[in-house]
Amino acid sequence: MLKFVTICCLLGWAGWAVGQEIPPYIKQCRRSDPGLTDCLKEALQHLRPYLSSGIPEIKLPSVEPFVMDQLSLQLTGGPQGYRINLKNMEVFGASNFTVRSIKLADGSKPFETRLTIPRLTIHAKYTSSGVLIIIPASGSGDFDAVFDGVTADVKGLVSTNEKPTGMHLRVEKLDLNLSIKKPRLSVSKIFNNNRILTEATNLFLKENGHEVLRALQPQLQKKLSSEFTGIANQLLDNVPIHFFIVD
């Protein structure tokens, strides 16, 4: 998803290698096109099914699901504060994006783009410790989150690298900011299926969803930025700039 914003927003070079076949996942744009911005939006939309399935020939993995390692959250204060750890996180829905705006890079200024995603869902393994409300709540189980109405604002900086295949881009920095209208969080199969503790935890998550999201968001954004940068560079290392834009 967001990794391909880097490609389309920073193309200030052009070239054409005669005889080179353009991969099917690339929709080319012309730098001289007065509708270049609209073409770049369409090029990003064109990539969505390839993001969903992955691109084996350049070892680009599918983003469905997008996998992250772990996040740790301190949700209440004090020596027995309620803490949760999420592991083996699977994020679904990242490829179902719509490009709302693109601002091309200008000199040393980064590119900027805004994407919207109808829904992101997260499934993870969950462990907790501490006291929740007045109930000891140490345990483990499954964690699920549904984020409706997601807006992602992305900024990025890249460098260039000359290779035998032509000029390539490399992402040096990628910043991501998420805005989520409606978070829904829940846990299951925890505390040996203790009904009271499970209901107490889910009540807490329901009534404090936005507060939990605020605690989760900085780490989630940082990890997504790091992961997307790595995947973007996997693509950019294999595909030269002149595959994306021509004079």
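By the rule that a disulfide is a pair of cysteine sulfur atoms within 2.5 Å, the count in this predicted model comes to one disulfide. The bond is formed by Cys-29 and Cys-39, whose sulfur atoms are 2.1 Å apart, and with -95° about the S-S bond the link is left-handed. The pair links distant parts of the chain, ten residues apart, since Cys-29 is in strand β1 (residues 29-30) and Cys-39 is in helix α2 (residues 36-46). Here helices (H or I, at least four residues) and strands (E, at least two) are DSSP runs, numbered from the N terminus. Cys-29 counts as buried at 2% relative accessibility, and Cys-39 likewise counts as buried, at 10%. Throughout, buried means under 20% relative accessible area, exposed means over 50%, and partly exposed lies in between, with a 1.4 Å probe and protein chains only.

Residues are numbered from 1 along each chain as its sequence is written, and side-chain values use heavy atoms, with hydrogens and water left out. As the model is predicted, local features need pLDDT of at least 70 and side-chain atom pairs count only at pLDDT 80 or more, whereas totals for chains, interfaces and linings use all residues.

The pLDDT, which is the predictor's confidence in each residue on a scale from 0 to 100, has a mean of 80 over the chain, and 84% of the residues reach 70 or more. Over residues 1-19, however, the pLDDT is below 50, although this stretch has 72 contacts in the model beyond near neighbours in sequence, a contact being heavy atoms within 4.5 Å. Where pLDDT is low, the predicted coordinates should not be read in detail.

The chain as a whole has five helices and ten strands, and of its 247 residues 46% count as buried. Among contacts between residues at least 6 apart in sequence, 70% join residues that are at least 24 apart. The accessible surface of the chain comes to about 12300 Å², of which 50% belongs to carbon and sulfur atoms; accessible areas come from the Shrake-Rupley method with a 1.4 Å probe, and for residues only the protein chains shown count as cover.

Turning to charged side chains, the count comes to ten salt bridges, a salt bridge being a side-chain nitrogen of Lys or Arg within 4 Å of a carboxyl oxygen of Asp or Glu. In one of them, the side chains of Asp-153 and Arg-114 meet at 2.6 Å, N to O. Asp-153 lies in strand β8 (residues 139-163) and Arg-114 in strand β5 (residues 111-129), so this pair ties together parts that are 39 residues apart in sequence. Asp-153 is partly exposed at 25% relative accessibility, and Arg-114 is also partly exposed, with a relative accessible area of 38%.

A further salt bridge brings together the side chains of Lys-189 and Asp-142 at 3.9 Å, N to O. Because Lys-189 lies in the loop between β9 (166-188) and α4 (195-207) while Asp-142 lies in strand β8, the pair ties together parts that are 47 residues apart in sequence. Lys-189 is exposed, with a relative accessible area of 60%, whereas Asp-142 is buried, at 7%. Asp-175 forms a salt bridge with Lys-173, the closest N and O atoms being 3.8 Å apart; Asp-175 is partly exposed at 40%, and Lys-173 is partly exposed at 43% relative accessibility.
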